[in-house]
Amino acid sequence: MSQKLFQPARIGDIEVANRVVMAPLTRSRADEAAGDVPGSPMNIEYYRQRSNAGLIISEGTQVSPVGKGYMATPGIYSDAQVEGWKPITQAVHDAGSKIVAQIWHVGRVTHQSLTGGVQPIAPSAVTAKVVAYTHEGKVEAPEPRALAIDEIKDIVEEYRRGAANAIRAGFDGIELHGANGYLIDQFLRDGANKRTDEYGGSIENRARFALEVVDAVVAEIGAGRVGIRLSPVTPANDLADSNPQAVFGYLIEELNKRNIAFIHFIEGATGGPRDVPGFDFAWARKTFKGTYIANNGYTREMAIDAVESGAADAVAFGRAYIANPDLVQRLKLNAPLNTPNPQTFYVPGEAGYIDYPTLEQAA
């Protein structure tokens with residue numbers, strides 16, 4: 001194919017076969033009883049099927065038990081979890097793709113029944129007006145406990161350990177989840193961060209936690225294997241900021257100094273409208289020296305145009321990858337796409353997970 005979208009590229013230190021990225025997708029199919037361990041045969045098959053992507057970003061993978069916000073999501077903090085990820089990363093590599101682990105801590109967006117009875121933590125004791133999905137059904141997220149300074153240092157260390165474990169598990173790098181109202185985002189945005197110490201108030205202070213986490217994982221695995229996901233204007237998980245251009249503009253300038261591999265931008269509202277005011281993504285594209293991965297509602301035509309025009313280096317697809325394991329082939333041929341079934345996004349089992357047909361199977 002002549003389109004650049006389907007041509008090889010380099011994302012930091014990672015060589016990829018094309019510029020189509022599989023976005024991180026929570027699927028809630030880890031072995032919760034065993035300690036949030038991935039690596040079942042269906043987990044391996046799910047990632048193997050989708051290894052036509054140039055780069056796969058794994059589902060959100062918590063760096064500690066307290067960082068868990070959803071049922072049956074995998075972790076990256078125990079030896080059993082590391083061992084569980086190994087056959088997944090091996091299957092992806094055998095199929096010719098690359099995979100990075102999205103490591104996250106959900107902060108206040110959870111409930112005690114998901115964190116082993118521990119009260120959720122956050123920059124400040126500001127409750128998110130969201131519901132948590134637990135084994136007892138939907139429950140309102142409780143008021144979180146504001147972190148003490150020494151605890152913040154401990155969480156930075158959890159991210160560092162998560163990055164080290166990801167490399168041990170065979171991942172090609174990591175993506176820090178700094179988007180969608182989770183812990184890094186909670187520190188960045190003044191809707192959740194009401195601190196008056198060195199981690200709150202000024203833009204520099206609110207960005208401190210994010211940059212300390214970046215510095216820790218860069219020191220551990222190298223800048224060329226580190227990316228971050230950002231969503232400057234999304235209202236996801238009841239989070240907002242009074243001046244996103246200023247805070248995320250500062251953050252991007254600082255990330256430039258660290259030579260990280262990529263920033264994965266959610267342009268607009270996550271899973272919603274793209275034309276949300278408050279942040280200039282074209283400015284971010286011009287300013288950031290690393291790989292710019294664009295995300296949010298991209299069609300085939302939009303993705304091809306974005307990469308051809310230089311508006312993005314690569315484009316990430318989420319829901320399309322749930323229903324179309326052979327998405328790159330379908331995009332190349334301009335073939336029809338399967339429609340995802342939201343009823344099976346987060347339920348256990350193979351249905352709606354590894355049973356979507358490829359073009360070959362449908363023929």
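At what angle do α3 and α6 pack, and how far apart are their axes? The angle is about 35°, and the axes lie 9 Å apart. Axes here are lines fitted to C-alpha atoms, for helices over the stretch in contact, and angles run from 0 to 180 degrees between N-to-C directions.

This is a predicted model; local features need pLDDT of at least 70, side-chain atom pairs count only at pLDDT 80 or more, and totals for chains, interfaces and linings use all residues. Residues are numbered from 1 along each chain as its sequence is written, and side-chain values use heavy atoms, with hydrogens and water left out.

**Helix pairs**

Helices (H or I, at least four residues) are DSSP runs, numbered from the N terminus.

| Helix pair | Axis distance | Crossing angle |
|---|---|---|
| α3 and α6 | 9 Å | about 35° |
| α6 and α7 | within 11 Å | roughly 15° |
| α1 and α2 | within 8 Å | roughly 25° |

α3 passes α6 in a right-handed crossing (right-handed if the near helix is turned clockwise from the far one by less than a right angle). On the α3 side, the contact (heavy atoms within 4.5 Å) includes Ile152, Ile155, Tyr159, Ala163 and Ile167. Among its partners in α6 are Phe209, Val213, Ala216 and Val217. The contact residues divide into twelve nonpolar, no polar and four charged. Ala, Val, Leu, Ile, Met, Phe, Trp, Tyr, Cys and Pro count as nonpolar, Asp, Glu, Lys and Arg as charged, and the others, Gly among them, as polar.

Helix α6 (residues 208–221) also crosses helix α7 (residues 244–258), at roughly 15°. That makes α6 roughly parallel to α7 (angles under 35 degrees). Their crossing is right-handed. Ala210, Leu211, Val214 and Asp215 in α6 meet Tyr250, Leu251, Glu254, Leu255 and Arg258 in α7. By class, this contact has six nonpolar, no polar and three charged residues.

Helix α1 (residues 41–49) and helix α2 (residues 79–94) cross at roughly 25°. That makes α1 roughly parallel to α2. The crossing of α1 past α2 is right-handed. Asn43, Ile44, Tyr47 and Arg48 in α1 meet Trp85, Pro87, Ile88, Ala91 and Val92 in α2. Seven of these residues are nonpolar, one is polar and one is charged.

**Cavity and pocket**

On a 1 Å grid over the protein atoms alone, a cavity is a set of points where a 1.4 Å probe fits but cannot get out, and a pocket is an open set with protein on both sides within 12 Å along at least five of seven lines; lining residues have an atom within 4 Å of a point.

The whole structure has one cavity of 30 Å³ or more. The largest cavity holds about 30 Å³ of space (the space filled by probe spheres set on the points, which are joined across faces, edges and corners). Its lining consists of Arg29, Ala30, Pro38, Asn43, Glu59, Pro74, Trp85 and Tyr353. Five of these are nonpolar, one is polar and two are charged.

The second largest pocket has a volume of about 150 Å³. Helix α3 (residues 149–168) gives the most to its lining, with four residues. The lining includes Ser64, His105, Arg145, Glu151, Asp154, Ile155 and Glu158. By class, six lining residues are nonpolar, two polar and four charged.

Conventions
Helices (H or I, at least four residues) and strands (E, at least two) are DSSP runs, numbered from the N terminus. Angles under 35 degrees count as roughly parallel, over 145 as roughly antiparallel, 65 to 115 as roughly perpendicular and the rest as oblique.
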